[in-house]
Amino acid sequence: MKKPDTTPGRIFVKGLNWVGDAIISTPALAHLRRTHPNAVITLMVRPWVAPIFANNPDINDLWIHDEAESTKAFMKAVGMVRKGRFDVGIALPNSYRSALLLKMGGCKWRIGYDIAGRGMLLNGAIAVKPNNLRLHQVFYYLGLIEEFCGQPGNDNRLVLTPGDIEREEIAALMRQRGLDRGRPMIGLAPGSINSDAKRWPAERFAELADRLAGEQGTEIVLLGGTPEMAVLEQVAANAKAKVHNLCGELSLGQAIAMIDRLAALICNDSGAMHIGAALGVPTLGIFGPTEWDCTYPFSRRAKIIRKEGLDCAPCMLRECPIDHRCMTQISVDDVIGSLKALFREIRKAAAEADARSRKAAQADADY
């Protein structure tokens, strides 16, 4: 691809539109910052994902605007970009609209994947390589920045930091709910915004809550947004153990701070899963109809559970046309077993890291 003749001083990035995608894109932003340490990097995102980037160290300015709301909103975004006089514009989404925003906004160099017929709008169009589609989506967005920068990214860690105000608000909430007694908290996120087929049955989550509260002595916290209210209420109604249903009570920023306090998070393939992974919380994702190999929780402290050997999965359908076997054939025992295995793996990795540290310290002392 063609590249700017001089080091860009002002870089505009059109960010992604869903919580999980936004989190998955953070290694790409971090690589952009590492390769352009002196650039002013401006990120534009829609309001519902803005808290993901509120404390991100790799951007200078965060513009919160939904350019897809209307033609008027799009033209306002164009005006914002024009006023910014950017040397480089980067479209992380695959949409035609995001590339058009860079073109109409007057970005001198316009970077994005050559997809969706938008190559004519990009003077820095990048071909999608087969590996970009086979690997985790982290590498899809990171690959775009690697091609632009001409340097490989060596640090693929997700970047997410709870805000100080949100931490204080969650501490106060925990006191109000009696969650500050020192007992471990396990979060359950039984919903999903854009697909009912991704949901493990609510009655299984209720049984799981009972088992975890009884066997492990944990506090159970239910997490989800207002659109997921019905399923969380169903879990709470079916559970015999006490559960703390926080559905609809938390902003996204507060949810991030809450998940950061958990001993573990068990959830469907959802934004909550990626939040847990980014925070390093032990996270277990339950997968059924979706492509797990590109969207699994990207963390060494996370794993997935899925029913293997089914011809119908992954189907990527939002409603199951048959019997939802990809989810119903996953038992509560399966989930608890996977959670225990995850804890064992984390303890083993910690012990190995500690042994390496002691060995290195001893080598230094001997030297």
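User: Which residues of helix α5 (residues 96–104) are the buried ones, and what makes a residue count as buried?

Analyst: In α5 they are Ser 98, Ala 99, Leu 101 and Leu 102. Buried means under 20% relative accessible area, exposed means over 50%, and partly exposed lies in between, with a 1.4 Å probe and protein chains only. A helix here is a DSSP run of H or I with at least four residues, a strand is a run of E with at least two, and both are numbered from the N terminus.

User: How do you know where the buried residues of α5 lie around the axis?

Analyst: Seen down the axis of α5, they fall within an arc of 150 degrees, so they line one face of the helix. The arc is that of the directions from the helix axis to the C-beta atoms. Among the elements that cover these residues are β1, β2 (40–45), α4, β4 and β5 (109–113). Just after α5, Gly 106 has a positive phi of about 80 degrees.

User: What kind of model is this, and what limits apply?

Analyst: The model is predicted: local features need pLDDT of at least 70, side-chain atom pairs count only at pLDDT 80 or more, and totals for chains, interfaces and linings use all residues. Residues are numbered from 1 along each chain as its sequence is written, and side-chain values use heavy atoms, with hydrogens and water left out.

User: What makes the protein as compact as a globular protein of its length?

Analyst: The secondary structure comes to 15 helices and twelve strands. The radius of gyration is 22 Å, close to the 21 Å that the globule rule gives for 367 residues, so the protein is as compact as a globular protein of that length. That radius is taken over C-alpha atoms, and the rule is 2.2 Å times the number of residues to the power 0.38. The C-alpha trace spans about 65 × 65 × 45 Å along its principal axes. Of the 367 residues, 50% are buried.

User: Why is the pair of Phe 12 and Trp 63 called tilted?

Analyst: Eight aromatic pairs are found in the whole structure. For Phe 12 and Trp 63 the ring centres are 6.0 Å apart and the planes stand at 45 degrees, so the pair is tilted. Rings of Phe, Tyr and Trp (its six-membered ring) pair if their centres lie within 6.5 Å; planes under 30 degrees apart count as stacked, over 60 as edge-to-face and the rest as tilted. The two residues are 51 apart in the chain, with Phe 12 in strand β1 (residues 10–14) and Trp 63 in strand β3 (residues 61–64).

User: What other ring pairs with Phe 12, and what is Phe 12's relative accessible area?

Analyst: Phe 12 has a relative accessible area of 0%, and is therefore buried. Phe 12 also pairs with Phe 86, at 5.3 Å centre to centre and 45 degrees between the planes, which is again tilted. Phe 86 lies in the loop between α4 (71–84) and β4 (88–91), 74 residues from Phe 12. Ring pairs join Phe 12, Trp 63 and Phe 86 into a cluster.

User: How do you know whether His 31 is buried or exposed?

Analyst: His 31 sits in helix α2 (residues 26–35). Its relative accessible area is 3%, so by the cut-off His 31 is buried. Setting aside neighbours within four places in sequence, His 31 is in contact (heavy atoms within 4.5 Å) with Leu 142, Ile 145, Glu 146, Gln 151, Pro 152 and Gly 153.

User: What makes β7 largely enclosed?

Analyst: Five of the five residues of β7 are buried, so the rest of the structure largely encloses this strand. Met 185, Gly 187 and Ala 189 point one way, while Ile 186 and Leu 188 point the other way. In a regular strand the side chains alternate between the two faces of the sheet.

User: How do you know which strands pair with β7?

Analyst: Two strands pair if DSSP finds at least two bridges between them. Four bridges join β7 to β8 in parallel, and Leu 188 stands opposite Leu 222 in β8. β7 and β10 are also parallel, over four bridges, with Ile 186 opposite Ala 264 in β10.

User: Which sheet holds these strands, and in what order?

Analyst: The sheet is open, with six parallel strands in the order β9-β8-β7-β10-β11-β12. β9 (243–245) and β12 (302–306) are the edge strands, each pairing on one side only.
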